[in-house]
Amino acid sequence: MDIKVLASGSRGNCYLVSDGVTPLLLECGIPIKKIREGLGFKLSEVAAVLLSHEHGDHSKAIRDVLRMGGDIYSSPGTFEALGLSGHRLRPVKDKQSFEIGSWIIRAFETQHDAAEPLGYLLHSRATNERLLFSTDTYYVRYRFPGLTHIMIECNYAMDILPENVNKGLVPAVLKNRLLTSHFSLANVKEFLKANDLSKVQEIHLLHLSDGNSDAERFKREIMELTGKPTYIAGEE
């Protein structure tokens, strides 16, 4: 499985995932020009876009993708929040499975301040690999057997965030929003400990906060916990 990060973080999120047969775009939260450049101007080869929720750092280019003939999979609530309609929209709900090319995909609910946010479990029939994609959530209630790849938000650390609030760098209201809408380092650790990681080949940490995270520390601590190769999305 090949995972390419086009963007990750509060300024925009977009990832290309391919099993060598069917390329998929996860999120499209950056300008369409940057997406096309990141894909080597081969956007037409992407089979579909999986969208987690409506916030602009995940959906910025959604209308451009639709105009270019792309299929978009997301929840009915997300489409409604974006004011979208059309035959290219593929509404899916929590626990619903669907197929795109060589992929069998299962949507699952996430916990975020959005209309109807989703995460996705992707199983490749071509490689028999299983990818978990979960971002912008403060809790994941499900367990996922047989994972080989994990792409998961690791937005902030519980010790860094209150320190920044005390320094006046982060408004208290933002702190409260992060606690109820984003995955902390501690929550990522608890999630990983609750899942069977025996087949996991690599872990990708997504959507790190600009000021409330520490990429080097997050990577080190997750590697120490899991013994798995760990990458920070967006870093070379």
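**Values against definitions**

Student: What makes Asp136 count as buried?
Tutor: Asp136 has a relative accessible area of 1%. Buried means under 20% relative accessible area, exposed over 50% and partly exposed in between, using a 1.4 Å probe and protein chains only, so Asp136 is called buried. A word on the ground rules: this is a predicted model, in which local features need pLDDT of at least 70 and side-chain atom pairs count only at pLDDT 80 or more, while totals for chains, interfaces and linings use all residues. Residues are numbered from 1 along each chain as its sequence is written, and side-chain values use heavy atoms, with hydrogens and water left out.

Student: What is the phi of Asp136, and where is Asp136 found?
Tutor: Its phi is positive, about 55°, although Asp136 is not a glycine. Most residues other than glycine have a negative phi. Asp136 is found in the loop between β10 and β11; helices (H or I, at least four residues) and strands (E, at least two) are DSSP runs, numbered from the N terminus.

Student: Which value of phi does Glu27 have?
Tutor: Phi of Glu27 is near 75°, positive in a residue other than glycine. Glu27 is found in the loop between β3 and α1, and with a relative accessible area of 0% Glu27 is buried.

Student: How do you know that the buried residues of α7 line one face of the helix?
Tutor: Those buried residues are Leu185, Val188, Phe191 and Leu192, in helix α7 (residues 185–194). Seen down the axis of α7, they fall within an arc of 120°, so they line one face; the arc is that of the directions from the helix axis to the C-beta atoms. An α-helix has 3.6 residues a turn, so residues three or four places apart point the same way.

Student: What do the buried residues of α7 pack against?
Tutor: They pack against β10 (130–134), β11 (149–153), β12 (202–206) and α8 (215–226), where contact means heavy atoms within 4.5 Å.

Student: Why are β7 and β13 called edge strands?
Tutor: The open sheet of seven strands has the order β7-β8-β9-β10-β11-β12-β13, with mixed pairing. Two strands pair if DSSP finds at least two bridges between them. β7 (97–100) and β13 (230–232) each pair on one side only, so they are the edges.

Student: How do you know that β12 and β13 pair?
Tutor: Three bridges join β12 to β13, which run parallel. Leu205 stands opposite Ile232 in β13.

Student: What makes the unit of β3, α1 and β4 right-handed?
Tutor: A crossover is right-handed if, with the strands pointing away from the viewer, the path from the first strand over the helix to the second runs clockwise. β3, helix α1 (residues 32–38) and β4 make a right-handed β-α-β unit, and β3 pairs with β4 (residues 48–50) in the parallel sense over three bridges.
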